[in-house]
Amino acid sequence: MPLSVALYWTLSDAGTLAVRANLAPSAVHGELQTWQRLLGGLLMEVPLGLLLVGVWQARKCFLLLGSGRVFTVESIGYLRSFAAWSVASAIARIFCDAAASVVVTLANLPGQRMLALGLGSDQFFLLFFAALVWLMAGVIGEGLALADENASFV
């Protein structure tokens, strides 16, 4: 995935990259310079990197679940960690998109440079999904508390 982001920012035309940064295709005047492509690509790698850290946490949780350790503090922690990294990714995406809009228009003449803020359905979906995972971790935590309570009666 990081390689595909790098290729996208290397090979796409300036208008496509402007749209990716919440701008009109005509917002970029001329071709993007190499440093603009590199910096824009690096900015887009940040939210992806945060999400990939979250996916790694989910992987650790699934390995625990696969080994039969469902109701553990560790599995709950990994689920919550996945949710937190997902939220961080969604928030970082908002700021990185805004920064990318500045980067792609920085070579424009003064007065024609832009800062665009945008919230997309993908950020809302990721936040919603992260909230659901956080709630699932809470339910598993309640199950763990009940299992511990039941074990103490026996």
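**Pocket and helix packing**

A: The largest pocket has a volume of about 270 Å³. On a 1 Å grid over the protein atoms alone, a pocket is an open set of points where a 1.4 Å probe fits, with protein on both sides within 12 Å along at least five of seven lines. The volume is the space filled by probe spheres set on the points, which are joined across faces, edges and corners.

Q: What kind of model is it?
A: This is a predicted model: local features need pLDDT of at least 70, side-chain atom pairs count only at pLDDT 80 or more, and totals for chains, interfaces and linings use all residues. Residues are numbered from 1 along each chain as its sequence is written, and side-chain values use heavy atoms, leaving out hydrogens and water.

Q: How many residues line the largest pocket?
A: It has 14 lining residues, each with an atom within 4 Å of a point. Arg20, Met44, Pro47, Leu48 and Arg93 lie nearest the centre.

Q: Which helix supplies the largest share of that lining?
A: H3, with four residues. H1 (2-11), H3 (34-66), H4 (73-105) and H5 (121-153) each give at least two. Helices are DSSP runs (H or I, at least four residues), numbered from the N terminus.

Q: And the lining by class?
A: Nine nonpolar, two polar and three charged. Ala, Val, Leu, Ile, Met, Phe, Trp, Tyr, Cys and Pro count as nonpolar, Asp, Glu, Lys and Arg as charged, and the others, Gly among them, as polar.

Q: New topic. At what angle do H1 and H3 cross?
A: Roughly 155°, with axes that come within 9 Å. That makes H1 roughly antiparallel to H3 (angles over 145 degrees). Axes are lines fitted to C-alpha atoms over the stretch in contact, and angles run from 0 to 180 degrees between N-to-C directions.

Q: Which residues of H1 meet H3?
A: Pro2, Val5, Ala6, Trp9, Thr10 and Leu11. Among their H3 partners are Met44 and Leu48. Contact means heavy atoms within 4.5 Å. The residues of this contact divide into eight nonpolar, four polar and two charged.

Q: What about H3 and H4?
A: Their axes come within 8 Å and cross at roughly 170°. H3 and H4 are therefore roughly antiparallel. Their contact has 23 nonpolar, nine polar and four charged residues.

Q: And how do H4 and H5 pack?
A: At about 165°, with axes 9 Å apart. H4 and H5 are therefore roughly antiparallel too.

Technical notes:
Parallel < 35°, antiparallel > 145°, perpendicular 65-115°, else oblique.
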